[in-house]
Amino acid sequence: MDDEEITKVLHPVKSSDGQYLEIRAVIFDMTNKEKEIFCSVLEKAKLPYRCAANISRYVHMKERTIWGYKSHDAHFLLHYLLQFAVKKTLKPEVAVPLIRLSVLLRSLWSKVIDLAELNRLEKEIVEIICHFEMIFLTAFFDIMIHFLVHLCKEIELGGPAHLRCMWPIERYLCKLKSYVRNNSKPEGSIAEGYLAEECLTFCSRFLNSDAVPKFERCP
């Protein structure tokens with residue numbers, strides 16, 4: 001196919017007076033009102049305790065942007081919240097492939113996976129990426145989009161994805177990092193902080209077996 005035939009609808013066109021070139025909006029472009037709706041869905045989401053981070057901290061309504069979230073937050077957004085945010089803000093031909101991707105990723109992330117179902121999911125991944133190629137620009141397709149094709153084979157060889165997840169370890173490393181008080185001796189600070197918390201937890205359980213230590217209470 002000739003380069004001039006690719007996404008021809010997005011090619012610049014001359015204005016009515018012929019003095020300027022106008023660039024048409026892409027199909028996934030959102031107005032300011034739609035951006036506000038998209039951000040408000042994420043800002044007002046109520047999540048179970050310790051299910052995910054406080055997503056509203058990363059939503060900036062004034063700028064109508066979302067930034068500052070971590071990889072686990074992006075994982076949770078893509079699996080659960082994105083489908084609700086795009087339903088009322090994007091055109092159906094854009095929202096449907098994104099919703100299908102969210103449903104597919106939740107299926108791949110489930111605790112029990114039928115091996116016979118993996119073949120169907122693998123074909124669906126290819127269909128979703130083909131839909132993306134008809135919607136998004138070429139710059140959208142980096143290595144992370146290509147990685148979706150290998151998820152089913154990875155589960156077939158390595159087992160359910162949640163058993164190999166690094167996020168619980170990363171969250172625990174963040175907790176250990178919070179123990180550091182002397183940057184020149186981080187290992188000693190972590191050991192001392194860990195020992196102090198263990199001692200306080202043991203003492204609280206020993207003195208009152210019915211009481212719940214403050215480290216295990218819900219705020």
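Helices (DSSP runs of H or I, at least four residues) and strands (DSSP runs of E, at least two) are numbered here from the N terminus. The structure is a predicted model, in which local features need pLDDT of at least 70 and side-chain atom pairs count only at pLDDT 80 or more, while totals for chains, interfaces and linings use all residues. Residues are numbered from 1 along each chain as its sequence is written, and side-chain values use heavy atoms, with hydrogens and water left out.

Side chains of opposite charge can pair when their charged atoms come close. When the whole structure is searched for salt bridges (a side-chain nitrogen of Lys or Arg within 4 Å of a carboxyl oxygen of Asp or Glu), eight are found. One of these joins Glu 117 to Arg 120, with the closest N and O atoms 2.5 Å apart. Both residues belong to helix α4 (residues 115-135), where a spacing of three residues separates them by about one helical turn. Relative accessible area is used to class residues as buried (under 20%), exposed (over 50%) or partly exposed (in between), with a 1.4 Å probe and protein chains only. By this scale Glu 117 is partly exposed at 31%, and Arg 120 is partly exposed at 42%.

Arg 120 also meets the side chain of Glu 124 in a salt bridge, at 3.0 Å from N to O. These two residues of helix α4 are four residues apart, again about one turn of the helix, but Glu 124 is buried, with a relative accessible area of 15%. A further salt bridge, of 3.2 Å from N to O, is formed by the side chains of Lys 175 and Glu 197. Lys 175 lies in helix α7 (residues 167-177) and Glu 197 in helix α8 (residues 186-207), so this pair ties together parts that are 22 residues apart in sequence. Lys 175 is partly exposed at 37% relative accessibility, whereas Glu 197 is buried at 14%. Through shared partners, salt bridges join Arg 100, Glu 117, Arg 120, Glu 124 and Glu 127 into one network.

Asp 73, in helix α2 (residues 71-87), is buried yet has no salt bridge, and the nearest side chain of opposite charge, that of Arg 57, is 5.9 Å away. A polar atom of the Asp 73 side chain does lie 2.9 Å from the backbone nitrogen of Lys 70. Leaving aside residues up to four places away in sequence, Asp 73 touches Ala 53, Ile 55 and Tyr 58, where contact means heavy atoms within 4.5 Å.

On the surface, Ile 143, Met 144 and Phe 147 form a nonpolar patch with about 320 Å² of accessible area together. Patches are made of residues with over 30% relative accessible area and no salt bridge, joined within 9 Å for like charges and within 5 Å for nonpolar side chains (Val, Leu, Ile, Met, Phe, Trp, Tyr); accessible areas come from the Shrake-Rupley method with a 1.4 Å probe, and for residues only the protein chains shown count as cover. Ile 143, placed in helix α5 (residues 143-147), is exposed at 59% relative accessible area.

Key:
Lys and Arg count as positive and Asp and Glu as negative; His and the chain ends are not counted. A polar contact is a pair of N or O atoms within 3.5 Å; within protein, one must be able to donate a hydrogen and the other to accept it, and residues adjacent in sequence count only if both atoms are side-chain atoms.
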